[in-house]
Amino acid sequence: MTRELIEMLDEVIKAYNEAVFDTDRVRALQVVTEAVAQGVSPEDIVFKVVIPGMDLMVKAISEGFDTNLAQHFMTSQIAADVTEKMLLLFKTPPEPIGCVVIGTASGDLHTLGKRIVIGCLKAQMISVIDLGVNVPAEKFVDEAIARNAQVIGVSAMMVHTARGENGALKVRRLLRERGLEPKIKLVVGGAPFRYDTNLYKFVEADGWAENGVSASRIIMDCIEEVKRNDN
């Protein structure tokens, strides 16, 4: 990469991050589109702009900066949109890092937290199968098997759906009964898990995420663990 391109990339990173923190989807897409037209590779846009931009949002959240739910949501959606557009321009389409089936627990119809997680996962080039809302435990497991997924993600925004016998607890029981625990990890998220940080242990999940943005890191760790177990 020439000095000129390096300097241009620095400007792209700065402009993209400003647009994301302003939740300006149009501006963010404009920044990367113009950068590609001027010679920045689509690969550099994803690996040097978008993914580090996600890391900045995680850092802002963890350090208590003034970020709100709208910013979390728009960050994930912008990152997913940009990544999907750039992937079409890659010289060699990359293999997905792994696969996740995700949905809202049985009896729960909330979607926002799940949608944030999905956007973040797509930006990390993880294949995502969205099962929707009010998902039975059996469907989580059956779809994970059918899609060869390494992770099941169960979202719950109400205490009774988080703790209920038909939610993550039943997913865990089915994984155990079918001998799938080394091959498929269970990750949970949602408001009840933020209020009680030990709740994920009660439902026997392998991990939980405090927010949608950081969930992608937890899920990536689980994918890597499953892959190590397979080797």
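Helices α6 (137-146) and α11 (212-230) each contribute at least two residues to the lining of the second largest pocket; helices here are DSSP runs of H or I with at least four residues, numbered from the N terminus. This is a predicted model, in which local features need pLDDT of at least 70, side-chain atom pairs count only at pLDDT 80 or more, and totals for chains, interfaces and linings use all residues. Residues are numbered from 1 along each chain as its sequence is written, and side-chain values use heavy atoms, leaving out hydrogens and water.

A pocket is an open set of points on a 1 Å grid over the protein atoms alone, where a 1.4 Å probe fits, with protein on both sides within 12 Å along at least five of seven lines; lining residues have an atom within 4 Å of a point. Here is how the lining divides:

| Class in the lining | Residues |
|---|---|
| nonpolar | 6 residues |
| polar | 2 residues |

Among the lining residues are A144, I145, V226, K227 and D230. Helix α11 gives the largest share, 3 residues.

Now to T161, which sits in helix α7 (residues 159-163). Leaving aside residues up to four places away in sequence, T161 touches A105, S106, G107, D108, A156 and G167, where touching means heavy atoms within 4.5 Å.

Finally, helix α1 (residues 3-21) has buried residues including M8, L9, V12 and Y16. Just after α1, T23 takes a positive phi of about 55°.

Key: Buried < 20%, exposed > 50% of the residue type's maximum accessible area, 1.4 Å probe, protein only. Nonpolar A, V, L, I, M, F, W, Y, C, P; charged D, E, K, R; others polar.
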